[in-house]
Amino acid sequence: VLMVPLLLYVPPLASLPPLDIHVVSGITTVQVAAAGLTGMLAHRRVGHVDSTVIAVLGAALTLGALVGGFISARIPADILSAVFASLAATAAGLMLWGKQQAADDGRQRLGALNRPLAVGLGTFVGLVLGLIGAGGGFLLVPLMVYGLGVPVRTAVGSSLAIVALGGLGGMIGKAASHQVTWMFALALIVGALP
């Protein structure tokens, strides 16, 4: 949610050529896959990753991201920008006005997962990830916490793995439709890994 606006607006402020939203979404999708994977490994070590949530949401999100990444090349830049802005505002609203959760001390566990709802949410967030190149975590975490009842720490850790899978699907779709500038993407990965 931060990288897309930074890449759109900072280069012109630094007297560099502006980047198109298609290029920005292509390179951020690659970065999302790498950063999600490394972040998930850290959360897995402390037990904040749920394999069922990753399998169900991850499969749906990856498929949605692949489709979204491929079709994003055909969507005008102003529409992609509007989609990004609308979803960022929606996610902020979910986080600010969502129902209060009990404090998560790291020992809470997920009960039964509503799989049909998880597949629907995963597909929707995947399409968004594929379209705009943002990680999707800014939407996925509140949807997991408030929509699926996933404990906060588990939602954060699991969402990193899910977003990594979705980033891979989106990256394939964007690469197939020639929206990835690999040198920029590799630079973002180097910065994201630490």
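**Helix packing and local backbone features in a predicted model**

Of the contacts in the chain with a separation of 6 or more, 83% are between residues 24 or more positions apart, a contact being defined as heavy atoms within 4.5 Å. The structure is a predicted model, in which local features need pLDDT of at least 70 and side-chain atom pairs count only at pLDDT 80 or more, whereas totals for chains, interfaces and linings use all residues. Residues are numbered from 1 along each chain as its sequence is written, and side-chain values use heavy atoms, with hydrogens and water left out.

The chain has eight helices and zero strands, where helices (H or I, at least four residues) and strands (E, at least two) are DSSP runs numbered from the N terminus. Buried residues make up 48% of the 194 residues in the chain; the term buried denotes under 20% relative accessible area, exposed over 50%, and partly exposed the range in between, with a 1.4 Å probe and protein chains only.

In soluble globular proteins, nonpolar side chains tend to be buried together. Phenylalanine 138, when its neighbours within four places in sequence are left aside, is in contact with Val1, Leu87, Ala88, Ala91 and Ile132.

Threonine 28 lies in helix α2, which covers residues 21-45, and counts as buried because its relative accessibility is 1%. The side chain of threonine 28 reaches the backbone oxygen of serine 25 at 3.3 Å. If residues up to four places away in sequence are not counted, threonine 28 touches Met3, Val4, Leu7, Ile132, Gly133, Ala134 and Leu188.

In helix α7, the 25 residues should span 36 Å at 1.5 Å a residue, and the end C-alpha atoms are 35 Å apart, which agrees; the expected span is 1.5 Å times one less than the number of residues. A kink of about 25 degrees in α7 is centred on serine 159, the bend at a residue being the angle between axes fitted to the seven residues ending there and the seven starting there. Isoleucine 172 also lies in α7 and is partly exposed, with a relative accessible area of 48%. The C-alpha atoms of isoleucine 172 and alanine 65 are separated by 9.0 Å, although these residues are 107 residues apart along the chain.

Most residues other than glycine have a negative phi. Serine 15, although it is not a glycine, has a positive phi of about 60 degrees; serine 15 is placed in the loop between α1 and α2 and is exposed, with a relative accessible area of 69%. Histidine 178, likewise not a glycine, has a positive phi of about 60 degrees and is found in the loop between α7 and α8, where histidine 178 counts as exposed at 74% relative accessibility.

Notes. Polar contact = N/O pair within 3.5 Å; in protein donor to acceptor, adjacent residues only side chain to side chain.
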